[in-house]
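User: Please examine the structure shown below. Several questions about its strands and their surroundings follow.

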Amino acid sequence: MKGEGPESDIVISSRIRIARNLCTHPFPMLATNQQSLEVLDQVKEMYNESELNNIGQFELLVLNELSELEKRVLVEKHLISPGLANESRNGAVLLSENESLSIMVNEEDHFRIQCLYPGFQLGTTWEMANRVDDIFEHHLDYAFDEKKGYLTSCPTNVGTGIRASVMMHLPALVLTQQMNRILTAITQVGLAVRGIYGEGSEATGNIFQVSNQITLGQSEQEIIDNLHSVAKQIIDHERAAREKLMQDSKTRIIDRVKRSYGILKHAAIMDSKEAAQRLSDIRLGIDLSIINDVNTNTMNELMVMTQPGFLQQHFKTKLSPDDRDLCRAQLIREKLNEGA
């Protein structure tokens, strides 16, 4: 949320997720309660490994020991998947102190090692995720086939088991109506575009997640290089679209940004969809130097803090949908006035 890292005006975060399974136990969807407990026990042993502790301090969170609200906040912060929060048997997450590393246990696969860094840092993100994977593989017997590679619950993850993704803020491409053309081109080179929470989610607030679809037949480095190359082209297109907007429609863009800024600073009620769109407008305004009294960090914080679970945690009470809209508007007003 600090908004640091290369190309952070467009790329919000870089993520690598590695799916791995044990050869000694059935995959989670077929595992008994006892078998999934045994997988969890192996992670508890890993938790104390000095090699892992050399990377940093970790905390093991067992999902059935958390409240529904605590689980929802972990989803909203992209530290666990909705599937792990809602459906997992003996699910857990091993979480680093700075939350850049999260290792999901007993989700769709036995382990999903995720590394999440700010900005456009796919190479650095991969190095850290690979380091953790090597530590796990040194102590555990992975399900691996010489021809197919790493075996996973979902056939689309077989091979490297890697999902690499970048989360991008692309308002100018949307406003200049170039996004559909670019989405078509992206899918033709083996990449997928999803919303902020991955598969099945809507791209609200002009935020898109671009990731690889192919995990079999390519090396890890080839997958990452391909995504890096395409993401760089998208960044260039977004920058060009921003320049075009300021050349051709400067007054309209300034008006749009300042209207959203005024509404967010004074609105008494704000639903999540409108909040996402208007926060996107302000973020664009910051990047185009239309707004100078708010920083990108505040926008990144509000992206997370205005989600339903985080709101209820922040206000320390259960909120109805109507109450959330009131509290969301209040929180936004407070944060924007802090930055003023």
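User: How many residues of β10 are buried?

Analyst: This is a predicted model, in which local features need pLDDT of at least 70, side-chain atom pairs count only at pLDDT 80 or more, and totals for chains, interfaces and linings use all residues. Residues are numbered from 1 along each chain as its sequence is written, and side-chain values use heavy atoms, with hydrogens and water left out. Strands are DSSP runs of E, at least two residues, and helices are runs of H or I, at least four residues, both numbered from the N terminus. With buried defined as under 20% relative accessible area (1.4 Å probe, protein chains only), β10 is mostly covered, the buried count being six of its six residues.

User: Which residues of β10 are buried on each side?

Analyst: In a regular strand the side chains alternate between the two faces of the sheet. Both faces of β10 are covered: one side holds Ile207, Gln209 and Ser211, and the other holds Phe208, Val210 and Asn212.

User: Which residue in β10 is the bridge partner of Val193?

Analyst: Two strands pair if DSSP finds at least two bridges between them. β9 and β10 are antiparallel and share four bridges. Within β10, the partner of Val193 is Val210.

User: Which strands stand at the edges of the sheet?

Analyst: Eight strands form an open antiparallel sheet in the order β2-β3-β4-β5-β1-β8-β10-β9. One side of each edge strand is left without a neighbour in the sheet, because each has a single partner strand; these are β2 (58–62) and β9 (191–194).

Key: Buried < 20%, exposed > 50% of the residue type's maximum accessible area, 1.4 Å probe, protein only.
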